[in-house]
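Here is a short briefing on a single chain.

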Amino acid sequence: MDVDSLKYKFRTASILVKLILINAAIFIGFSLFSFLFQVDTSGLLQWFSVSSSFSKNLMKPWSLVPYSFLHAGLRHVLWNMLFLYWFGRIMLNLFSPKRFLTVYLLGAIAGALLFLVAYNVFPVFRSNV
């Protein structure tokens with residue numbers, strides 16, 4: 001399979017398949033980078049992840065979307081992509097691809113904000129240290 005064929009298949013794929021491929025590519029990219037260069041990528045991952053601190057998130061507001069493309073391990077990415085595929089097929093029957101992408105990205109932002117509020121409001125999430 002040549003590069004042009006892969007580009008064509010990606011261009012003609014549904015938004016659901018594109019999101020799954022992007023998530024998988026980011027996971028594989030971080031994993032390969034960590035493996036090949038024997039580097040701990042946790043510092044780099046924290047740069048793109050949502051923090052439980054309001055002040056840290058004010059310093060990196062871009063993290064509200066990229067965190068949704070990061071995964072903690074193979075099981076995490078596998079189950080997330082399976083659920084995205086199953087739920088995404090239902091959503092694509094109800095919405096246009098553009099609306100589905102909007103719901104996906106707004107869901108990521110809403111999830112980050114809910115995490116931030118819940119972690120700081122409910123005492124059960126605070127550590128006793």
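Helix α5 gives the most to the lining of the largest pocket, with nine residues. Helices here are DSSP runs of H or I with at least four residues, and strands are runs of E with at least two, numbered from the N terminus. The model is predicted: local features need pLDDT of at least 70, side-chain atom pairs count only at pLDDT 80 or more, and totals for chains, interfaces and linings use all residues. Residues are numbered from 1 along each chain as its sequence is written, and side-chain values use heavy atoms, with hydrogens and water left out.

**Largest pocket**

- Its volume is about 310 Å³. A volume is the space filled by probe spheres set on grid points, which are joined across faces, edges and corners.
- A pocket is an open set of points on a 1 Å grid over the protein atoms alone, where a 1.4 Å probe fits, with protein on both sides within 12 Å along at least five of seven lines; lining residues have an atom within 4 Å of a point.
- The lining counts 17 residues. Ser-68, Asn-80, Leu-84, Phe-87 and Tyr-104 lie nearest the pocket centre.
- Helices α5 and α6 each supply at least two lining residues.
- By class, the lining holds 11 nonpolar residues, six polar and no charged. Nonpolar covers Ala, Val, Leu, Ile, Met, Phe, Trp, Tyr, Cys and Pro; charged covers Asp, Glu, Lys and Arg; the others, Gly among them, are polar.

**Aromatic pairs**

- The whole structure holds five aromatic pairs. Phe-83 and Trp-86 are edge-to-face, because their ring centres are 5.5 Å apart and their planes stand at 90 degrees.
- Rings of Phe, Tyr and Trp (its six-membered ring) pair if their centres lie within 6.5 Å; planes under 30 degrees apart are stacked, over 60 edge-to-face, and the rest tilted.
- Phe-83 and Trp-86 are three residues apart in helix α5 (residues 74-94), so about one helical turn separates them.
- Trp-86 is partly exposed, at 44% relative accessible area. Buried means under 20%, exposed over 50%, and partly exposed in between (1.4 Å probe, protein chains only).
- Phe-115 and Tyr-119 have ring centres 5.8 Å apart and planes at 45 degrees, so this pair is tilted.
- In helix α6 (residues 97-121), Phe-115 and Tyr-119 are four residues apart, so about one helical turn lies between them.
- Phe-115 is partly exposed at 35%, and Tyr-119 is partly exposed at 27%.
- Trp-79, Phe-83 and Trp-86 form one aromatic cluster.

**Charge over a ring**

- The charged end of Lys-18 sits over the ring of Phe-10, 5.7 Å from its centre. The test asks for NZ of Lys or CZ of Arg within 6 Å of the ring centre and within 35 degrees of the ring normal.

**Buried polar residues**

- Asn-23 lies in helix α2 (residues 15-36). Asn-23 is buried, with a relative accessible area of 0%.
- The side chain of Asn-23 makes a polar contact with that of Tyr-104, at 3.4 Å. Such a contact is a pair of N or O atoms within 3.5 Å; within protein, one must be able to donate a hydrogen and the other to accept it, and residues adjacent in sequence count only if both atoms are side-chain atoms.
- Ser-63 lies in the loop between α4 (54-59) and α5. Ser-63 is buried, at 1%.
- A polar side-chain atom of Ser-63 lies 2.9 Å from the backbone oxygen of Lys-60.

**Overall layout**

- The chain has six helices and zero strands.
- Of its 129 residues, 22% count as buried.
- The C-alpha atoms fill a box of roughly 55 × 45 × 25 Å, taken along the principal axes.
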